[in-house]
Amino acid sequence: MKKFIQDFKEFAVKGNLIDLAIGIIIGTAFNKIVSSLVNHIIMPPFGLVFGEKGLAQYKWIIRPGEKEANGEWLKEPVVMDYGIFLQNCIDFLIVALSIFVVIRLFNRLRNKAEDETETTV
């Protein structure tokens, strides 16, 4: 147990914990940017292709619900929202591609900085 506590202190003191927290904060902000890109730039043209409903509105009603006269549900509907799933898959692919491009750029810049024979900035 002492070794575990010692390892944790080293982890927290060396700045890894701070780096991790900064990474999470930047990742959250980056996710907002990419989600906005998907929802406001990429998905509207898909809306033209899939109809005015948009991709997220597509669903398969397995069992329709039943309502009373006052509007309360007697039986809840059973619905498979496959449009939301597809939109989230597209969102994930764009986030993964964006992160790949950013990391690739950082790696190129780091490799240039480490290469002593490289004279360009």
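This is a predicted model: local features need pLDDT of at least 70, side-chain atom pairs count only at pLDDT 80 or more; totals for chains, interfaces and linings use all residues.
View 1. The patch is built from W60, I62, V78, M80, Y82, F85 and L86, and it covers about 670 Å². Besides α3, the elements that give two or more residues are β1 and β4 (78-80).

**View 2. A closer look at F85, one of the patch residues.** Find F85 in helix α3. With a relative accessibility of 55%, F85 counts as exposed, because the cut-off for that class is over 50%.

**View 3. Y58 and Y82 form a tilted aromatic pair.** The count of aromatic pairs here comes to one. The ring centres of Y58 and Y82 are 6.4 Å apart and the planes meet at 40°, so this pair is classed as tilted. Follow the chain and you will see that the pair links distant parts of it: Y58 belongs to the loop between α2 (16-50) and β1 (60-63), while Y82 is in helix α3 (residues 82-114), 24 residues apart.

**View 4. The two tyrosines of the pair are partly exposed.** Y58 has a relative accessibility of 22%, and Y82 has 35%. Both values fall in the partly exposed class, because that class lies between the 20% and 50% cut-offs.

**View 5. A lysine sits over a tryptophan ring.** Here K67 lies over the face of W73. The distance from K67 to the ring centre of W73 is 4.7 Å.

Definitions and conventions: Residues are numbered from 1 along each chain as its sequence is written. Side-chain values use heavy atoms; hydrogens and water are left out. Rings of Phe, Tyr and Trp (its six-membered ring) pair if their centres lie within 6.5 Å; planes under 30 degrees apart count as stacked, over 60 as edge-to-face and the rest as tilted. Helices (H or I, at least four residues) and strands (E, at least two) are DSSP runs, numbered from the N terminus. Buried means under 20% relative accessible area, exposed over 50%, partly exposed in between (1.4 Å probe, protein chains only). A charge sits over a ring if NZ of Lys or CZ of Arg is within 6 Å of the ring centre and within 35 degrees of the ring normal. Patches are made of residues with over 30% relative accessible area and no salt bridge: like charges are joined within 9 Å, nonpolar side chains (Val, Leu, Ile, Met, Phe, Trp, Tyr) within 5 Å. Accessible areas come from the Shrake-Rupley method with a 1.4 Å probe; for residues, only the protein chains shown count as cover. A salt bridge is a side-chain nitrogen of Lys or Arg within 4 Å of a carboxyl oxygen of Asp or Glu.
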